[in-house]
Amino acid sequence: MAEARGNPLSQCGRQIVRLGAALLMALFAPLAAAGSAGVASTPPMGWNSWDAYGLTVTEAQFKANALRLASIRPHGWTYAVIDEGWYMANPLGADLKARQYKLDPYGRLDPVTDRFPSASDGHGLRALGAWTHVHGLKFGIHIVRGIPKAAVEANLPIAGSHFRAADAANRADTCPWDDGNYGIADNEAGQAYYDSLASQYAEWGVDFLKVDCIADHPYRPSEIRQIGRALAKIRRPIVLSLSPGPAGIEHAAEMAQWAQMWRIMDDLWDGWTFPHNDPTTTFPNGIRNAFDSLAKWNTYVRPGQWPDADMLPFGSLHPHPGWGDPRASRLTPAETRTAFTLWAIARSPLILGGNLTEIDAPTWALFKNDAVTGLNQQDRVSHPLAGLPPPMADARIWTSRLAGKPIDTIAIFNLSQSPLAVNEKWTNLGLAGGRISACDLWTRARVPAGSNARLSIAPHDVALLRVASGKSATTCR
């Protein structure tokens, strides 16, 4: 009793405090671990299987593309992502029954071993994740939000909890364009199911999780919160990418709280523009629409928060693209260069969508231009320029500068079907006055130094200029 009188805390009290401190550390350690790792401190760069393989990608095809991606890893390309369908025995089936989802005993999607042999004996995607890491890449997968209908009908147990699948399901909520899942109820059972997914994906070595049918048509804030909380509980940093678009800008703060990427456009495909007979949809989207979408979302770009203009459908869209017939991308070389430049300077995630094993050499060379990808990956501030002079009505301009430095890069895009002759004072194009020298980061061509920008830009093409003022000579770096 003397000890109790001499110290306001008794031995029992001190034990309670120590237990409380330990509990707090256990609760917040995963958050600290994820934060210290800098989840998506720069826009993710990588490859996704959807544009070339749709639902059909196999382990062998994934590995072949990942090896190609690994060859340009020194240029910043990091994430290799398996899109939808890795759990379907018959991905080209006409309906849910025909596609034959494979589930584990806890109602979670499981890879089909005929397509992913390393998943045999209950290993899931663990071995494939480890293989991806050995090659210096990060590993990603796609899911549609919710819980598989078959898991609910069988009322399977939810791993790590006393709940069962029927407790977690919201049968009244299904994805309007994907019939595989019921929605997740906003309750403890629903959180337990997403917790079980996050735990499993961490064990598989997943670094990137793309969740579909959640950012728009419909927007599902309760499930975004549940997934975000589930990922915060694990010790592995996982990028959360929300799809599809166009996400509502009124939801920007909530999405940024829980995710690192969210889609700001409907699915992008290989065209400058596409006709939309149905006024309620923008599917499919062309490159032209991205200028308006990226400008609209520009103020929300910051480390760990990346408005996403979708994957880039470049090169070979074979053998089973997610939309349309197998084909070579219909984007012209100018349009391909324009799209890559816009995504880079606007600091959208750079996720390639074509079949990397069949891509042509000129397109492949684009991905190794460090001066261009640096606009995306360096600590930079980029802005679209408003109020262009009348002769530039068919142009769009973005400027870029290193944080705390003057503007050193300007992209002048020609959106018209005709060549654009530029003869404007640099001050009209967003730069300070005086004598400016410039060099094109794509062509290495130099623009004559002076107070005016004088150059010609082909239809749907871009001049991407590194600029310097006064007597300083600019370089194409």
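This is a predicted model: local features need pLDDT of at least 70, side-chain atom pairs count only at pLDDT 80 or more; totals for chains, interfaces and linings use all residues.
Figure 1. H4 itself runs over residues 59–71, 13 residues in total. From its first C-alpha to its last, H4 reaches 18 Å, close to the 18 Å expected at 1.5 Å a residue.

**Figure 2. The largest pocket and its lining.** The space in this pocket comes to about 490 Å³. It is lined by 26 residues, of which Trp50, Trp177, Asp212, Asp267 and Phe283 are the closest to the centre. By residue class, the lining divides into 12 charged, 10 nonpolar and 4 polar residues.

**Figure 3. Thr341 in helix H13.** The helix spans residues 333–346. Thr341 has a relative accessible area of 0% and is therefore buried, the cut-off being under 20%. Leaving out residues up to four places away in sequence, Thr341 touches Ala411, Phe413, Trp442, Val462 and Leu464.

**Figure 4. Asn170 in strand E5.** The strand covers residues 169–174. With a relative accessible area of 25%, Asn170 is partly exposed. Its contacts, apart from neighbours within four places in sequence, are Tyr182, Gly183, Ile184 and Ala185. Asp186 lies 16 residues from Asn170 along the chain, and the C-alpha atoms of the two are separated by 8.5 Å.

**Figure 5. Ala445 in the loop between strands E18 and E19.** Strand E18 comprises residues 436–440 and strand E19 residues 446–450. Ala445 counts as partly exposed, at 39% relative accessibility. Ala438, Cys439 and Asp440 are touched by Ala445, not counting residues up to four places away in sequence. Between Ala445 and Cys476 the C-alpha to C-alpha distance is 8.7 Å, with 31 residues separating the pair in sequence.

Notes:
Residues are numbered from 1 along each chain as its sequence is written. Side-chain values use heavy atoms; hydrogens and water are left out. Helices (H or I, at least four residues) and strands (E, at least two) are DSSP runs, numbered from the N terminus. The expected span of a helix is 1.5 Å times one less than its number of residues. Buried means under 20% relative accessible area, exposed over 50%, partly exposed in between (1.4 Å probe, protein chains only). Contact means heavy atoms within 4.5 Å. On a 1 Å grid over the protein atoms alone, a cavity is a set of points where a 1.4 Å probe fits but cannot get out, and a pocket is an open set with protein on both sides within 12 Å along at least five of seven lines; lining residues have an atom within 4 Å of a point. Grid points are joined across faces, edges and corners, and a volume is the space filled by probe spheres set on the points. Ala, Val, Leu, Ile, Met, Phe, Trp, Tyr, Cys and Pro count as nonpolar, Asp, Glu, Lys and Arg as charged, and the others, Gly among them, as polar.
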